[in-house]
Amino acid sequence: MTWRELAAGAGQVPPETTQQAVGYPALFLLVALGALVPVIPTGAIVSSAAVVAFHHQPLPVGVLLVFGVSALAAFTGDLALYWLGQRGVRSRGGSRWLEALRGRATPERLEQAQTKLDEHGVLVLVVSRLVPAGRIPVMLACLLAQMPLLRFARGDGPACLAWAATYGLIGILGGSLFTEPWKGVALAVGLTLLISAGPALWRRLRARRQDQ
């Protein structure tokens, strides 16, 4: 086969196929990386991907693919982060991953997470994935309780499914309200950022009122 034939064949590949070949692996990498480095707005990424799938992929296949890829990526990232945290717990000198987790969980949030973990077990992982900034304190509580990786995975699997479904539905909502995909993406991103930042802003407002 000559280079001209290869180029001609590449030109015949449907744009949707190319988007799938690039888009889903990129979605997986971004969500998995966001689970490891909790500064990436993974919820907004999933919602945006769901909007694009809603408009450009056959329903419900495209949206279900976004859901499946996102849940698997979140689960993979969580397990990797938990495994790295376990290494820090077992090491006398700790690790930078464990210290990073400690730095993102205030003593009050950690104490609350430990109490809920004692009361509800791994079921608290499902709620922690849906509550903004709730995942890291609960994960740290599991690490300090020396919960085995397999038991953590049993609770984290349903948590990641519920998380992916929630943000996927936000994307479907944004995609269904507008004919232009960018408007749906803008709405989905705005909603996810509001959900993420809302509780923190509420706590600050309450603290200011109490100080006054």
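## Briefing: an all-helix predicted model

Tyr 167 is found in helix α9. At 8% relative accessibility, Tyr 167 counts as buried (under 20% relative accessible area; exposed is over 50%, partly exposed lies in between, with a 1.4 Å probe and protein chains only). This is a predicted model, in which local features need pLDDT of at least 70, side-chain atom pairs count only at pLDDT 80 or more, and totals for chains, interfaces and linings use all residues. Residues are numbered from 1 along each chain as its sequence is written, and side-chain values use heavy atoms, leaving out hydrogens and water.

**Overall build**

- The protein has ten helices and zero strands; helices (H or I, at least four residues) and strands (E, at least two) are DSSP runs, numbered from the N terminus.
- Of its 212 residues, 35% count as buried.
- Contact means heavy atoms within 4.5 Å. Among contacts between residues at least 6 apart in sequence, 77% join residues at least 24 apart.
- The accessible surface comes to about 12400 Å², and 65% of that belongs to carbon and sulfur atoms. Areas come from the Shrake-Rupley method with a 1.4 Å probe; for residues, only the protein chains shown count as cover.

**Nonpolar cores**

- A nonpolar core is a set of buried Ala, Val, Leu, Ile, Met, Phe, Trp, Tyr and Cys residues joined through side-chain atoms within 4.5 Å.
- The largest core has 22 residues, of which Leu 27, Val 31, Val 46, Val 66, Ala 74, Trp 163 and Tyr 167 touch the most other members.
- Helices α2 (15–36), α3 (42–56), α4 (61–90) and α9 each supply at least two residues of this core.
- A second, separate core of 20 residues includes Leu 98, Leu 125, Val 138 and Phe 152.
- Val 66 is in contact with Tyr 24, Leu 27, Val 46, Ala 49, Ala 50 and Ala 53, leaving aside neighbours within four places in sequence.
- In soluble globular proteins, nonpolar side chains tend to be buried together.

**α4 against α9**

- The two helices, α4 and α9, pack at an angle of about 145 degrees, with axes 8 Å apart. Axes are lines fitted to C-alpha atoms, for helices over the stretch in contact, and angles run from 0 to 180 degrees between N-to-C directions.
- From α4, the contact draws on residues including Val 63, Phe 67, Ser 70 and Ala 74; from α9, among them are Phe 152, Cys 160, Trp 163 and Ile 172.
- By class, this contact has 16 nonpolar, three polar and two charged residues. Ala, Val, Leu, Ile, Met, Phe, Trp, Tyr, Cys and Pro count as nonpolar, Asp, Glu, Lys and Arg as charged, and the others, Gly among them, as polar.
- Tyr 167 and Ser 70 are 97 residues apart along the chain, yet their C-alpha atoms are separated by 9.6 Å.

**Further along α9**

- Leu 169 also lies in helix α9. With a relative accessible area of 56%, Leu 169 is exposed.
- Leu 169 and Ala 188 are 19 residues apart in sequence and 9.5 Å apart in space, C-alpha to C-alpha.

- Helix α8 is mostly covered, with nine of its ten residues buried. Among them are Arg 135, Pro 137, Val 138 and Cys 142.
- Gln 146 is in the loop between α8 (135–144) and α9 (149–177).
- Phi of Gln 146 is near 55 degrees, a positive value in a residue other than glycine. Most residues other than glycine have a negative phi.
- Gln 146 counts as exposed, at 62% relative accessibility.
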